[in-house]
Amino acid sequence: MDDDYIPIEAYGVIGNNDRCALVGNNGSVDWCCFPHLESPSVFAAILDADDGGRFAIRPTKEYDTTQTYVDRTNVLETTFETDSGSARVTDFMPVRGDEEHDIATEQNARRDDSEPELDDDAETRSSDNRFQQAIYRTIEGVAGTVDLEVVFEPRFDYARSTTTLEHGETGEVRAAEANEAENHSVNGDVTDDQRPADEQRHQSDEQGHLSLRTDTDLEFAIDDAETVATAPLTVTEDEQCWFHLQYGDPEHTLETDYQQCLEETITYWQTWLESCEEAATDIFTFRDDWHDALVRSTLVLKLLIHDETGSIPAAATTSLPEEIGGELNWDYRYNWIRDAKFTIQALHSVGQSQEAHEYFEWFREIGHESPEDIRPLYGLHGETDLEEEFLEHLSGYRDSQPVRIGNAAADQVQLDMYGTIVQGIYETIRYEDGLSEYDWESVCALANHVCDHWEERGKGIWEFRDLEEHFVHSKLLCWVALDRAIRLGGEYDYDGPFTKWDREREAIREAIEARGYNEEKGSFMQFFGAEDALDATALLIPLYDFLPADDERVQNTIDTILEEAATDDGLVFRFTDSPARPTESGGFVLCSCWLVDALVLSGRIEEATDIFENLLEYASPLGLLSEMIHAEDGTLLGNFPQAFSHIGLLNSAIYLASADDAEQLPPEELAGGAAAPLFTQHGPDAESNDG
């Protein structure tokens with residue numbers, strides 16, 4: 001059995017509403033967490049090929065393999081070609097539309113009358129959640145005959161718990177967590193009233209159980225240790241075999257029409273995408289050769305959205321390394337506040353208005369907290385206890401240690417997040433019912449907090465563990481918080497301490513221009529007084545309307561980053577020559593997108609287009625992106641798939657589409673009107689209020 005690690009780009013992703021699984025082009029499910037995306041893993045072979053656990057279906061002899069998605073869906077197909085024939089494995093996590101389904105009704109009817117009553121919506125939601133905590137796999141013979149092996153090797157709680165397998169009464173294989181009572185949780189200390197209704201009700205009896213069923217008479221052999229189940233399988237042309245893996249107590253396993261479930265899931269994704277295309281025609285049609293990449297990015301973004309809360313994780317995985325064999329391995333299964341401004345832009349621009357509204361509501365509530373209590377990141381259910389742990393028993397992807405769960409960055413001081421929240425409100429209220437008094441109170445609190453703290457050092461957007469500085473990006477976002485607060489107050493005729501805000505806004509501007517720009521280097525730097533440390537966040541200065549794109553300092557910064565912090569084809573490093581980390585092994589996808597955006601605003605459309613198209617070439621065969629791309633060999637690095645990368649790709653397409661009406665738009669035309677970036681567009685009366 002070949003247990004070597006496959007490249008990150010050799011994985012596809014499937015999922016639904018709060019769950020994701022990575023399926024390799026070798027037919028192995030190597031990453032999956034249940035019941036939620038941020039829950040402990042049940043399969044983690046991607047982090048330890050020997051002991052992490054997997055669910056594999058693959059040929060027993062040599063094969064070639066290809067992966068594709070069913071057209072316009074997140075349903076994955078892996079095709080194996082052998083000397084004797086070919087077979088196709090189709091993988092998906094089930095998802096339904098809003099209509100009522102017989103399966104849900106049947107499951108509700110099974111509920112023991114002695115159980116507590118739930119209202120109809122909660123009951124249906126509970127049933128749907130149980131239904132969606134599943135993976136369906138079907139194997140079809142395409143031509144000839146193919147001999148395959150099925151390997152079911154779950155490992156609960158990141159392989160920290162003992163897993164035992166046994167045969168069920170109806171032929172299924174059941175997996176149970178032997179030491180449930182000692183089970184650790186990545187979710188932190190969450191009280192019952194913070195848990196979803198279905199999780200409160202079923203948490204105890206659904207924890208630590210998996211049931212694997214098949215529609216054939218296939219017999220699994222369980223090894224002597226009762227930890228691995230295997231079965232041989234031969235398929236010939238037109239033969240089909242189904243596997244249904246269900247999380248939760250076996251009594252809650254739903255019998256269903258598997259083919260109907262597949263058809264429903266395909267219909268759901270295709271119908272949802274059609275609604276996006278109808279609402280956002282321009283982004284999907286202005287360049288035919290970009291269409292598939294933008295569709296895939298849109299589907300990935302939807303896949304990652306937590307349907308219950310509206311939150312969006314940075315990625316579906318933890319601890320995939322920024323450098324192979326290195327220590328920079330982080331848990332990205334949380335929602336970062338700093339992502340909000342870019343996420344809102346992307347969601348609205350691709351027609352995901354409902355998702356954008358729900359996401360805005362999620363982070364808007366966080367904005368109503370006392371500023372000093374706001375965290376840089378949160379769990380997908382709003383958890384704040386994200387204590388970082390090392391899983392020393394896991395070897396890590398290609399021996400990249402440590403493997404981490406939780407994220408210590410949740411306790412950092414990141415001054416940029418206050419500007420992010422105000423900017424998010426500023427961006428979104430045009431799609432809502434205006435600025436409420438409640439929101440204005442939050443804006444005032446955030447702006448006042450910035451006035452009191454902007455001169456302090458912080459960790460910055462890249463969350464360095466051992467460097468606190470006056471980061472230029474942090475100061476820029478402090479300026480954004482005050483600038484947008486002043487604009488909002490003027491536009492909506494609210495009272496506020498505008499004189500104080502204006503005074504501090506100008507003080508921040510003077511500090512950035514005097515201490516953040518290095519004349520000798522010809523660039524805005526990573527932090528005040530830096531002599532060599534460049535940072536890609538300087539590309540955001542024109543995007544936030546701090547300086548116009550044709551300002552000499554902005555153009556110098558773009559050129560310096562192109563020369564010293566980017567590869568020839570436009571892979572942009574987050575930073576160079578930083579005292580925190582002098583070098584990086586790969587370009588950060590989002591930073592390349594920022595470069596595209598800044599070039600578009602500068603009227604340098606041809607350069608921007610070339611870099612954008614180069615970036616598309618680095619996507620996986622399925623169109624997926626991680627957070628980084630290796631600068632030398634082009635392989636994907638870091639957690640995968642990365643929401644920020646796909647969001648950046650969508651936003652850059654929006655910038656390029658805005659400039660598509662002319663061959664070369666001068667900066668002054670791009671700075672206003674229809675071609676202006678979303679960040680700088682607002683009401684015509686959005687002027688400074690000096691009252």
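Predicted model: local features only at pLDDT ≥ 70, side-chain atom pairs only at ≥ 80, totals over all residues.
Strand S5 (residues 54–59) and strand S9 (residues 134–153) run antiparallel and are joined by six bridges.

**Strand S5 and its partners**

- Within the pairing with S9, Arg 54 has Glu 153 as its bridge partner.
- S5 also pairs with strand S3 (residues 28–33), again in the antiparallel sense, over two bridges.
- In that pairing, Ser 28 stands opposite Ala 56 of S5.

**How covered is S5?**

- S5 is mostly covered, with six of its six residues buried.
- In a regular strand, side chains alternate between the two faces of the sheet.
- On one side of S5 you will find Arg 54, Ala 56 and Arg 58, and on the other Phe 55, Ile 57 and Pro 59; all of these are buried, and both faces are covered.

**Helices H11 and H12**

- Two packed helices are described by the angle between their axes and the distance between those axes.
- On the H11 side, the contact is made by Trp 440, Val 443, Ala 447, Val 450 and Cys 451.
- These meet Cys 478, Ala 481, Leu 482, Ala 485, Leu 488 and Gly 489 of H12.
- Sorted by type, the residues of this contact are 10 nonpolar, one polar and no charged.

Key. Residues numbered from 1 in each chain as written. Heavy atoms only, no water. Contact = heavy atoms within 4.5 Å. Helix = DSSP H or I, 4+ residues; strand = E, 2+ residues; numbered from the N terminus. Nonpolar A, V, L, I, M, F, W, Y, C, P; charged D, E, K, R; others polar. Buried < 20%, exposed > 50% of the residue type's maximum accessible area, 1.4 Å probe, protein only. Pairing = 2+ DSSP bridges.
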